[in-house]
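Work through the exercises below with the model open in your viewer. Try each task before reading its solution.

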Amino acid sequence: MPTYLIAEPVMLIAQDLAACIKDVDPDAEMVIVPPGRYVLAAAPDRLHAAFLHMDPEVDQWKPLYVALRARGAELVFFGGAAERSTHSERVLESPFSSETVATVVSLISRNTVVG
């Protein structure tokens with residue numbers, strides 16, 4: 001069963017994103033946590049993807065991104081800082097919808113190695 005981590009400060013937005021993911025991946029488990037230093041503590045040992053309302057270019061968070069990838073997570077950034085950034089990470093554009101989330105989840109599923 002795939003596990004998705006959502007790091008979002010507004011619970012209503014996190015729940016909306018989780019519902020959009022569940023529409024595409026009904027067996028998915030969700031872990032919702034505020035962005036920041038407690039993300040890794042809340043993350044299970046294996047992750048399918050992490051949706052992060054965080055700035056991908058802030059050096060302070062790069063060790064977190066490495067640690068999440070080590071747990072198998074594909075990283076998806078969202079929010080204003082991610083959209084303005086020039087990084088090469090996957091970005092979920094605002095406002096997200098069921099369709100845009102479905103597209104991102106489909107891309108993640110194709111990139112995930114099973115086995």
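The exercises that follow concern a predicted model and go from the sheet to single residues.

**Exercise 1. Give the strand order of the open sheet and name its edge strands.**

Step 1. Trace the order. The sheet is open, has five strands and reads β2-β1-β3-β4-β5.
Step 2. Check the pairing. It is parallel.
Step 3. Neighbouring strands are turned by 25° against each other on average, with direction ignored.

**Exercise 2. Describe how strand β1 is joined to β2 and to β3.**

Step 1. Take β2 (residues 29-33). Five bridges join it to β1, and the two run parallel. Leu5 stands opposite Val31 in β2.
Step 2. Take β3. Four bridges join it to β1, again in parallel. Here Ile6 stands opposite Phe51.
Step 3. β1, helix α1 (residues 11-24) and β2 form a β-α-β unit, and it is right-handed.

**Exercise 3. Decide whether strand β1 is enclosed or open to the outside.**

Step 1. Sort the side chains by direction. Thr3, Leu5 and Ala7 point one way from β1, while Tyr4 and Ile6 point the other way.
Step 2. Check burial. Residues pointing either way are all buried.
Step 3. Conclude. Because five of the five residues of β1 (residues 3-7) are buried, the strand is largely enclosed by the rest of the structure.
Step 4. Thr3 has 10% relative accessibility; the cut-off for buried is under 20%, so Thr3 counts as buried. Its contacts include Glu29, Val31, Pro44 and Arg46.

**Exercise 4. State which strands helices α1 and α3 lie across.**

Step 1. Take α1. It lies across β1, β2, β3, β4 (74-78) and β5. Its angle to β2 is about 165°.
Step 2. Take α3 (residues 62-70). It lies across β3 and β4, running at about 140° to β4.

Methods
Residues numbered from 1 in each chain as written. Predicted model: local features only at pLDDT ≥ 70, side-chain atom pairs only at ≥ 80, totals over all residues. Heavy atoms only, no water. Buried < 20%, exposed > 50% of the residue type's maximum accessible area, 1.4 Å probe, protein only. Pairing = 2+ DSSP bridges. Right-handed = clockwise from strand over helix to strand, strands pointing away. Contact = heavy atoms within 4.5 Å. Axes fitted to C-alpha atoms, helices over the stretch in contact; angles between N-to-C directions. Lists of a residue's contacts leave out its neighbours within four places in sequence.
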